[in-house]
Structures are given as C-alpha cells and as structure tokens.
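Please open the structure in your viewer and keep the selection panel handy. We will take a short walk through it together.

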Amino acid sequence: MITGAIKNKVDKIWTDIWAGGITNPLTVIEQLTYLMFIRSLDEKELENEAFEAEGGVKMDRIFPQSAAGQSMRWSKFKNDDPRDIYAIMSQRIFPAIKAMKNGHLPDFNKQGEIIELQDENGDGAQENTAFARYMEDAMFLIPTPQVLQKIITGLEDLYEHDLSGLDMMGDLYEYMLGKLATAGQNGQFRTPKHIREMMVELLQPTPDDTICDPACGTAGFLVSSAEYIRAHYEDTMTPEQWEHFAKGAFTGFDIGRNMLRISAMNLMLHSITNPDIDYKDSISKQNEIRDRYTICLANPPFKGTVDAESINDNLKAVTNTKKTELLFLALFLRMLKKGGKCACIVPDGVLFGSSKAHKSIRRELVENHQLRAVISMPSGVFKPYAGVSTAVLVFTKTGAGGTDQVWFYDMKADGFSLDDKRSEVPENDIPDIVERFHHMGQEVDRARTEQSFLVPKQELVDNDYDLSINKYKQTAYVPVDYPPTSDILAQLDQLEAEIAEGLKELRGMV
C-alpha cells in the first residue's frame, strides 16, 4: 500500500523532473522507468553474486567484468560526482541497454565503442527481454547532471526506506501511472485498478491460461491477472506453470512504443520477465491471430474511427464499421479459443446503438456465442480523465450459441466518489457484483426493480438485441402519504403569522 509519505517522495521526484523542463507526464514516467530498470539490473547482479558466493555455483553475469562494465552498475556510480554519473549514463549505460541481449550487457573497447555480444556459436544473440527490445529507440532526456542526481537520490531514498518486494514496487508504478492525465486524445483511458481487479475476478484466470490484452497501454489488465494468479496459485504452481507465467502466459499489443516500454517494465516488476509485448495495430490486416488465447481482458479505444482500408476483412465481416469499439469486440471473438472468456469495457453506445453495425455485433454475441453479463458502470468511473458512461461485457466464445439469459447489474458505487477527486467512500458494489456473478443460481428470482436481474434471450431478440439496462429495469414507485390540504394551509398560515411578527419586531428596533 502506497502511503502519503511515499506519495510525497514520488511527487518530489516528479517536481524535480518538471523543474528540469520535462513536463509531459508520459516522458517523466519513461525516464523514471529507465532508471528503475537500470537499478533493477544491479539488484539482480548483487543477488547472483551472493548466490555464487554462498553456493559455489557459477552464475551468469549481467554486467561485463571489465572496469567499463562495472562502472555501469547503480551501486558503483550512485554516489559519484553528478557530472560523472551523467557521462556514464549517457555514454555507456543507455547505449549498452539498447544493445542488451539475453539478459547481458555488452562491454566497451578502449575507444568507448560497444563490443557486439555473441552467443555460444559465435552468432549475434537474438533473444531478449521485452523491455530491452523496446529500449532500442529510447532517448535519455534528463537535461542536466543536477536533475539526474536529484532523481537518483530520491529513488535511492524510496528503495532504501520505503519499498519492499514486488507488490510495493507494483503499487509505486501504479501510482506513477495514475499521473497520466494526457489520455483521452485517442480514446484511450487508463482503467482504474479496482475496476481491472473486478474484471479479473469475474474471469478467475488460472496458471494454465494464456491471457491477452490487444490494446494493452500500460499492461494494467495483464498485471492484475498476474497478481490474481500469484495470490491464488503461488504455493501450488509447478515449474512448468512458473515458466509459462514468466514467458508465455501474457500477451499485449499496442501502437505506441513508449507504452510498450512502460508495459514491459510494469510486467517485469511483477515477475513476468519476458512477456509477449509487441508493436501491433490489433484491428488491422497486420494482425491475423485467431483461436490462440483462453482469456481476453481489455479496455479498447472507443473514440473516433480508423482507416477503412487498414481494417482486417474478417472483422468487417462480423461488423462492417470503422468504429473501434465494435471492431475490437469482433477481434476478441476471433482471437479467443473456443471456450475462451472475455471481459471488456465498452461505451454505452455499443449497448443500444441503432446502426446496422451495432446490431450485428450484439446479435453475434447473443446468437453465436454466450453473452453472460452486462454490468452498467456509473459515468464517474473514469474521472478526472473523462465522464464517459461505460459498461463491462462478459462473454464466452462458443461458435454455437449458448445464450439462454443475460445477467444485468446496475453498478451505482465503486468505492470512490464519482467526482473529479475520486475520494474513497464506503459505498461499493464491486464485492456484490463478483459474489452474485459466481452464484448465478441465486439471481433467478430477482425482480427487475432490484439492482441485478436476469433477462431471457428471447426478450433481447424482441428488442433488437438492445443491451441497455434501462430497457429492462423496472422502477418501483413507493406511494407517499401527504397530510390533508387543510393541514398544509394551516401550517402556511402559522408560518406567515410568525414572519409578520418578526417583521414587526424589526421595525420596532429601527
């Protein structure tokens, strides 16, 4: 849990960077991400050295054993003169990270040039971590040695006194990502952590699942899935499942390389060392993936349209549109294996839009697959970034129907105030949503006037597959007993007499 004291320290580092002239929050997070990665490499090296000393087993080394290689270690340079740190960072560490292969940093020759890493066969090494791959076009933008020294001092204070374990590191990164207030220009909104966790709990991923977010942004859904698996299966996972967890379980696509760097770092901080994080326009002809994943979790962009020529034809066959929010629904169905599950966020317009494309994707979900739930969320969920009204759709890919009835839930509170401040409040429907979703048999007799209820498939069909909860919810009108009119008039006469008496007293005082 990130406390107020830790937040103050992070805000201080943030302010120092801003004062140095970097004001874009995304750039600030990028630069901090690089430094956190550099420090994490040295932490891993220290662990390797300690294990080697205790067990006598030769361990692979991340840093070259030369003087130049050792000078790149955080523990070696952190207390040096700021000018020396700046020179090492810009001339050695950043170029070395860009050339990192197989978890090893390259060495430098006497001319300060990188010595190309070779594999055991003498060939250029190919495999690399996701984060190192996307460091290839990273830029070191910290403007001065003084600003760099302030950041290193601030981070070191956090690590030494406040951060313990991956969970705390993940919480810190989550807090930094919360400062991304530039979202929304292209329809992307960072999904609040508690909403992501609710969606993950609805699907309950296991160590054997392959999980994908084709619009991953900062990889929040993948991180929440990883946290769920660790929390529920950590003590029982086999070595094969741990290997799958570290390398093959999590896939994310995005069209921003800066986002890919941040998402890869975010996953590394949660023990996912080599996820499949790739630069890809998911709904374009570039993406031909089908029947691969058992779980999809996403909050895809739903603002604007895309170039019709670039859209994959098999998506247009399901819903002929340029609207991304509809195309992504078709994409989930294509990328999931049969029996695969999806929980995704959609704007309210998807639920009741009257266009042919809107109706066709809703019909596809209801008729050809199993639409399980529509959870209507309050419009304040995405504040302060946006006040858009959204819902969570939960469905299973079957290819052969299976929708007998759909569960609707009217979420009125998510544990936070629905204004721009988003302060914690006691009202929270999320535990009730998760509990009821996993005990659907108890919902059969719920009335339409209650917060959740079931709607049979035929009623959806009769309403043009409209999935708006207001179409089916019934309002209970409670009769109010008012006093007789004569009593109300008597009360008004009494109030008028009291006002007249008060005015009389005031005039006497003038």
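This is a predicted model: local features need pLDDT of at least 70, side-chain atom pairs count only at pLDDT 80 or more; totals for chains, interfaces and linings use all residues.

**Stop one: α5 and α7**

Select residues 82-98, which form helix α5, and residues 145-161, which form helix α7. Their axes come within 8 Å and cross at roughly 90 degrees, so the two helices are roughly perpendicular to each other. Now show the side chains at the contact: P82, R83, I85, Y86 and M89 come from α5, while α7 brings P145, L148, Q149 and I152.

**Stop two: α2 and α12**

Next, pick helix α2 (residues 25-55) together with helix α12 (residues 257-268). Here the axes are 10 Å apart and the packing angle is about 45 degrees, which means that α2 is oblique to α12. The crossing of α2 and α12 is left-handed. On the α2 side, select L26, I29, E30, T33, Y34, M36 and F37; on the α12 side, N258, M259, R261, I262, M265 and M268. This contact has nine nonpolar, two polar and two charged residues.

**Stop three: T319**

Finally, centre on T319, in the loop between α13 (313-316) and α14 (324-335). Is T319 buried or exposed? T319 counts as buried because its relative accessibility is 0%, under the 20% cut-off. Beyond its neighbours within four places in sequence, T319 contacts L326, L327, A330, A357, S360 and I361. Draw a distance to A357: its backbone oxygen lies 3.1 Å from a polar atom of the T319 side chain.

Methods. Residues are numbered from 1 along each chain as its sequence is written. Side-chain values use heavy atoms; hydrogens and water are left out. Helices (H or I, at least four residues) and strands (E, at least two) are DSSP runs, numbered from the N terminus. Buried means under 20% relative accessible area, exposed over 50%, partly exposed in between (1.4 Å probe, protein chains only). A polar contact is a pair of N or O atoms within 3.5 Å; within protein, one must be able to donate a hydrogen and the other to accept it, and residues adjacent in sequence count only if both atoms are side-chain atoms. Contact means heavy atoms within 4.5 Å. Axes are lines fitted to C-alpha atoms, for helices over the stretch in contact, and angles run from 0 to 180 degrees between N-to-C directions. Angles under 35 degrees count as roughly parallel, over 145 as roughly antiparallel, 65 to 115 as roughly perpendicular and the rest as oblique. A crossing is left-handed if the near helix is turned anticlockwise from the far one by less than a right angle, and right-handed if clockwise. Ala, Val, Leu, Ile, Met, Phe, Trp, Tyr, Cys and Pro count as nonpolar, Asp, Glu, Lys and Arg as charged, and the others, Gly among them, as polar.
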